[in-house]
Amino acid sequence: MIKDLINDIAHDSINLTQSLTRAKLIAYKINNEEFKLWLSQELDGYRYGKDVPKYRILEVETVGEVMNPLGRTYEVQIEQDPSIKKNLDDNPRRWHYTEGITSLERSIALSKGGFTYFLLGPEAAEVLSQCCSLPYATHLKHVMKKIPTSLIYSIKAKTNQKLLDSLLKLDSEFPDLENEFGTMEDKTKANQIINNTIHGNVSNTNFGLGETVNQEKTINQSQFLGAIDQLSSLGVEKEDLDNLKDIVTNEDKISVAKKILTWIGKIAQKTIEKKLNYKFH
């Protein structure tokens, strides 16, 4: 399964949509939630701009299509201005590309003159018409992101490379993955491979829930899951493990440290009580 997919990707025998779809079989085989979510988001698109990985954040132009009194339309560039950023909560020169791979490939096919255009909503046009200087007696019809098509190609190429690298490393670590996979050690190694290759060894604490947090407030997901599994094997109850997960996802780092110490104290107290009960019964 994995070897055939690697060969097809390396020899361009299938397109990227097919590659990502077939990779889902491997993601479910190793039961890796981060791999599953990444594949689904690349295929179907990211729900929010803040969720996209770094390779999908592009430096672009924001342009407007204006109409003069004679009915002729032409393109004008929307200059970056503090008032625009404040009103739109956005940087006019930055674009978080959320579209799925199928839509991305369609955009490449429809690109004109080396650029791809993405139409923004009417709210953006209304705000920008008040914040930017337009030529005399003109009307702003549309606002668009103007993206060099080469940057769209770059997203596709990087997605393809990250997928291929992940599969190659999984195949190297688990040469008989289809028949011999499932131990806790296997799952931890697979987590590390996915983190290193796709997420740069750092993963969001809420990744498996389909939500993301600020990248500065992250932990190594594979290490955390490994610690949870070890605690479970030592007899720590599921309720207590769930409490620990809730603590770790807290954004206040100082609060997290204090709460973990309190949690450890409670677990230690429970352990002592269990031993005493065992001794006197």
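A crossing of two helices is called left-handed if the near helix is turned anticlockwise from the far one by less than a right angle, and right-handed if clockwise. With that convention in mind, note that the model on display is a predicted one.

Select α2 (16-29) and α3 (33-44) together. In this pair, α2 passes α3 in a left-handed crossing.

On the α2 side, select T17, L20, T21, A23, K24, I26, A27 and Y28. Their partners in α3 are F35, K36, W38, L39, S40, E42 and L43. Sorted by class, the contact of α2 with α3 comprises 9 nonpolar, 3 polar and 3 charged residues.

Now move to the loop between α2 and α3, where N31 is found. Although N31 is not a glycine, its phi is positive, at about 55°. N31 counts as partly exposed because its relative accessibility is 41%, between the limits of 20% and 50%.

Finally, select D12, in the loop between α1 (2-10) and α2. D12, likewise a residue other than glycine, has a positive phi, near 55°. Is D12 buried or exposed? D12 counts as exposed, because its relative accessibility is 66%, and the exposed class begins over 50%.

Technical notes:
Residues are numbered from 1 along each chain as its sequence is written. This is a predicted model: local features need pLDDT of at least 70, side-chain atom pairs count only at pLDDT 80 or more; totals for chains, interfaces and linings use all residues. Side-chain values use heavy atoms; hydrogens and water are left out. Helices (H or I, at least four residues) and strands (E, at least two) are DSSP runs, numbered from the N terminus. Buried means under 20% relative accessible area, exposed over 50%, partly exposed in between (1.4 Å probe, protein chains only). Contact means heavy atoms within 4.5 Å. Ala, Val, Leu, Ile, Met, Phe, Trp, Tyr, Cys and Pro count as nonpolar, Asp, Glu, Lys and Arg as charged, and the others, Gly among them, as polar.
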